[in-house]
Amino acid sequence: MSKSKILVVGGTGYIGKRIVKASLAQGHPTYVLMRREIGFDIEKIQTLLSFKEQGARLVEGSFFDHQSLVDAVKQVDVVICTMAGVQFRSHNILLQLKLVDAIKEAGNIKRFVPSEFGIDPSRMGHALEIGKETFGDKMIVRKAIEDAEIPHTYISANCFGGYFVGNLSQVDSLMPPRDRVYIYGDGNRKGNYLSEVNRTQGIFYEMKPTVLRMIRNRTLLVTIMVMLWQSDPLTESLEAATPHLHGSDALAKFVDPALKGLSSLSPSSDHPCRSGGLGLTCGRTEMSNRTAAVFMDEDDVATYTIKTIDDPRMLNKTLYLRPQENILTHNQLVEKWEKLTDKTLEKVHLSAQDFLASMKGVDIALQAGFARVYQIYYEGCLMNFEIGEGGEEASKLYPEVRYTRVHEYLQRYL
Ligand SMILES: NC(=O)c1ccc[n+]([C@@H]2O[C@H](COP(=O)([O-])OP(=O)(O)OC[C@H]3O[C@@H](n4cnc5c(N)ncnc54)[C@H](OP(=O)(O)O)[C@@H]3O)[C@@H](O)[C@H]2O)c1
């Protein structure tokens, strides 16, 4: 079978240039959109020329010229978009709606991969307001894709190494700390750091969705929650972590946000996770065992992305990148660096409250980065759910890819 022709939109960007490289490496005829607007940006021009030298074809086009996008799309089978989506760099996720329109009109595309490459936005309905825009915008793009019935694959790439590994996930630098490192919570992220709302939602998850839809009555729900909570083997650790949480009054405090999520369940959704309304939802067993983060080499993200293109198993599904050896707690990440440098860093543990307080006064664009760290390390948003029918795990699907381990990534910073 001949390899699909791939058009990369956003090809000169941080992840985009790796997608171009992986596409060429895997033998796909590779096209890269060359936007007229780049004008005198000599770096972009040189990058595009280097792609051409490596065998890619440059296709002129502009987001301000619909026909040019349609013409570009018509030349290929697959479109991968890596549009900017990092607040402190640039954030233009919704521009992709123009690309969706072009793909719809062209009518020939057999797979579209929109710019996601991070936390699964469908699970972030509950996210902190700061930085939530990214998830909301990515969901708007998803809706446009699905409404237009465009065949697609979503990539949930978890933590890019450049943002989360080299700096040991510190928020003030992209380079490793010299002497002191802030550790989020106890750095181990076992069950007792669960937020109470997440925990409540976890219990909901175990209830049948049909039952959930029936329980809109708050009093009845609180009663059920108390019964479930009291029979839960994790209660002890939760109470140890949050001694103020006793009795139904305290529980009720967490039922309201969860109920709010419930009210947005549509009758057609058979699972609360898919409604987006509950945000973080998860089974109790996995919640208690979960670890914090999943770290990815950006080239591996690109390799896995390209692997999905001609793979029918990934049609209209989400690829979650969770290679086993790169799932680490914050302590484990720091330990790897200490081992490599043979130096012990001073550890300063930050409670969730102190972490959130430290965001105040920080530049608004940088606050989105704080929010990501909070969601990953305090809420455990990367690993607090099982991959369901709508997804596949990358390293299981493509065991032939030898992914970069975290200690290998860290070696670059020595
Ligand atoms: N998981 C993680 O840790 C992580 C970290 C960072 C980013 N991400 C995600 O990865 C995706 C890509 O982010 P990135 O950092 O690679 O992006 P980026 O380098 O900031 O930008 C990517 C490309 O977006 C295009 N672009 C930007 N502004 C544009 C405009 N006004 N009009 C048209 N095109 C424009 C440019 O394409 P041209 O090449 O055509 O100029 C640019 O090269 C985003 O969805 C982001 O959320 C994830």
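Student: What percentage of the residues of the protein count as buried?

Tutor: This is a predicted model, in which local features need pLDDT of at least 70, side-chain atom pairs count only at pLDDT 80 or more, and totals for chains, interfaces and linings use all residues. Residues are numbered from 1 along each chain as its sequence is written. A residue is buried if 20 or more other C-beta atoms, placed from the backbone, lie within 10 Å of its own, exposed if 12 or fewer, and partly exposed in between. Of the 414 residues of the protein, the share that counts as buried is 44%.

Student: How many helices and strands are there in the protein?

Tutor: Helices (H or I, at least four residues) and strands (E, at least two) are DSSP runs, numbered from the N terminus. On that basis the protein has 19 helices and 15 strands.

Student: How many residues of helix α1 are buried?

Tutor: Helix α1 spans residues 16–25 and is mostly covered. Its buried residues are G16, K17, R18, I19, V20, K21, A22 and S23. What covers them includes β1, β2, α2 (42–53), β4 and α14 (298–308). Of the ten residues of α1, the number buried is eight.

Student: Why do the buried residues of α4 lie on the same side of the helix?

Tutor: In helix α4 (residues 96–106), the buried residues are Q96, L99, V100, A102 and I103. They lie on the same side of α4 because the arc they cover around the axis, taken from the directions from the helix axis to the C-beta atoms, is only 160°.

Student: Which residue follows α4, and what is its phi?

Tutor: The buried residues of α4 pack against β1 (6–9), α3 (66–74), β4 (78–81), β7 (111–113) and α5 (132–147). After α4 comes a residue whose phi is positive, near 70°: G107.

Student: Which residue in β15 is the bridge partner of L319?

Tutor: Two strands pair if DSSP finds at least two bridges between them. Strand β8 (residues 153–156) pairs with strand β12 (residues 317–320) in the parallel sense over four bridges, and I155 stands opposite L319. Three bridges join β12 to strand β15 (residues 391–393), also in parallel. There, the partner of L319 is E392.

Student: Is I387 buried or partly exposed?

Tutor: I387 lies in the loop between α17 (364–378) and β15. Not counting residues up to four places away in sequence, I387 touches Y320, E392 and E393 (C-beta atoms, placed from the backbone, within 7 Å). I387 and Y320 are 67 residues apart in sequence, yet 7.7 Å apart in space, C-alpha to C-alpha. Because I387 has 16 C-beta neighbours inside 10 Å, it counts as partly exposed.

Key:
Contact = placed C-beta atoms within 7 Å.
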